[in-house]
Amino acid sequence: MDGEENSVFAINPMGLPLKELRRLKDQFQDEEGQPVKLDEQQFVDALLSRLASSAGTSQDERRRWDAELRTLFKKIDAGCSETVTWEEFTNYMLFHVPGFNSGDGACELSHNAAAAEALTGAWQCGHADMINSIAVVSDLGTTSGAGSSGSSRKYITAGRDGFVKVWHPNLTLHKAIDVGNTSSWLSACCWMQKSRKLAVASSSFRIFFYDSSFSLITHIDHKDGTPLCLGYTESHENKSSEKEILMVGDDKGYVTVFPLDANDWETEQKTDGKETEKGKKGSRIKYHKDWVTKVGFVSQLQAMVTCSLDGEINICDVHTNQRKEGRDAVRLHKKGVHSWCWCKSYKFFASGGSDRQIIIWNPYTQKAMNYLQGHNAPVLDVLVNEAQHQLISMSVDKVVKVWDILNYQCIQTFTDKTEYKPEDRLTCMAFDEEGPALVLCSSLINVLPVSVKVETSRTHLAPIVGALHNDVFHQIISGDQLGTVSVWDIQTGKLEFEFRRAHQDHKMTCMAFDRSKRCLYTGGEEGLVKLWNFSSGQQLRTFTMRQPAEIRSWALGTFPKRADFRYQYKQV
């Protein structure tokens, strides 16, 4: 158990089991066992006390959690008394932090749930060598236990260290598989949705198949070339057919198509502890003069699409494994093509390669529609975020760009500053629609929560009297005339908390922060000013005028110690 607890803590210093929670309570008591109040520094030191004893803790990690804990202290300190009691701490955590009161006693600490999930897995998640392929699988089945998020979706990575690893969305490891029990590189992995099988391509000239519990079933030999990439589709040529199609691109420019059916997954007797081998034969056709870098299937076109380092892209019939009739190879790139993606909404392809540009092209005319310039290194991967109408590209120098596909403008650029080993570069990426999140791979996995654009809709049921930006908690606070105060996360646009009827049956007319931006003043038509802890909805104080009048606006100024506010009013 100790080893398990240590692993949990290494991920998140607030991931405290019950035993550690009891130790923490001792920090809120004096030598005689009487309750004491902790100031901000004492509070941070108490929660970081275990972190100091962790041998693998870096200074950057300590600074990050120090900042997180100071933010937590300010949210708990409802009365701005600069102290926190044990009761205030536990009440806040039980009410506001999901999972804190769950069976394992663990919780996640961050400004928002998406960031918390990303931070949870930010450390000690990856492979011993570079990751070559990643797949996001949404239908593996609900799991439970330590480190599980309770979600059925998983991330599956295949690396040059010969391992396939299965991760929960918070990047805790679900399972590690030593593929083939050899030191061979793994070049690709692919989830076969219909049969719920995992296909893994190895440099040992084999393709291995695993069931949904990741037990090895069988393998197919691919001796004519090293398999480099995998593609998958269900067969719809014959409605009565149960076939699936696996596409394999290799280092000699060939693409092999394997039709697979239920008979291929029948359990066979294993001998000498080895998996069964299928003598499966596929249709193998040469499309390229160099390595095939990607092969996949576009259902809207009913076509298999391949690209290669020879600079060509082919649109093919997957059933006959031949180039579509009347279609020549697409030759728009001056150098090798590393990746392509299909945009369902606008029906175009985007491809990127060694010429450092992304080309948007029409699949019917095979002509370029636009050229996206901006990368200073070869583009390794491109993908589409359909929901947000965005194209995401990644180059070998660890630069990721987000493009608006409505106007082809770059709307965001960020560079990964992490130094990776054994090679300091990014290798592949995937988009998790359910997150939503962008998953980047090198030798480690990084999950970047994607800011979701909030659709234009009514967020209040009455006219809004104010919206304030809080740069301390990274939130937007809005209020309406009915007295509803809403707290919004500035990154995701999601509602974090709200309280209602701040002025009972009277209209709320204005809002303002105190100097610390930890409390909120509201004014009403009845002439009352109220002070709130907007993180919890707790009313702290009420100010009454001698001659009640409607409060119209509010401003902070310089005052004696007994008062730090002034208000303006208009008699109505």
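Mentor: Let's start with disulfides, meaning pairs of cysteine sulfur atoms within 2.5 Å: a search of the whole structure turns up 0 of them. Bear in mind that this is a predicted model, in which local features need pLDDT of at least 70 and side-chain atom pairs count only at pLDDT 80 or more, while totals for chains, interfaces and linings use all residues. Residues are numbered from 1 along each chain as its sequence is written, and side-chain values use heavy atoms, with hydrogens and water left out.

Take Cys229: its sulfur sits 7.4 Å from the closest cysteine sulfur, the one in Cys307, and that is too far for a bond. Cys229 counts as buried because its relative accessibility is 6%; buried means under 20% relative accessible area, exposed over 50%, and partly exposed in between, using a 1.4 Å probe and protein chains only. Cys410, at 33%, is partly exposed.

Now for the strand. With helices (H or I, at least four residues) and strands (E, at least two) taken as DSSP runs and numbered from the N terminus, the protein has 6 helices and 38 strands. The one I'd zoom in on is β20, residues 358-361, which is covered on both faces. Ile358 and Ile360 are buried on one side, and Ile359 and Trp361 are buried on the other.

β20 has antiparallel partners, where pairing means that DSSP finds at least two bridges between two strands. With β19 (residues 348-353) there are 4 bridges, and Ser351 stands opposite Ile359. The β19 and β20 hairpin leaves 4 residues between the strands, and there Arg356 takes a positive phi near 70 degrees. β21 (residues 368-372) is joined to β20 by 4 bridges as well, also antiparallel, with Trp361 facing Ala368. That hairpin has 6 residues between its strands, and here Gln366 has the positive phi, near 60 degrees.

For comparison, look further along the chain. There, 4 strands make an open antiparallel sheet in the order β33-β34-β35-β36. β33 (508-513) and β36 (538-544) are the edge strands with a single partner each, so one side of each has no neighbour in the sheet. Neighbouring strands in this sheet are turned against each other by 25 degrees on average, direction ignored; the axes are lines fitted to C-alpha atoms, for helices over the stretch in contact, with angles running from 0 to 180 degrees between N-to-C directions. The β33 partner is β34 (residues 520-524), paired over 5 bridges in the antiparallel sense, with Cys510 opposite Gly523.

The loop between β33 and β34 holds Arg518, an arginine that is buried, with a relative accessible area of 6%. Among the residues Arg518 touches are Phe73, Asp77, Glu82 and Phe534, leaving aside residues up to four places away in sequence; contact here means heavy atoms within 4.5 Å.

Zooming back out, buried residues make up 51% of the 572 residues. Of the contacts with a separation of 6 or more, 47% are between residues 24 or more positions apart.
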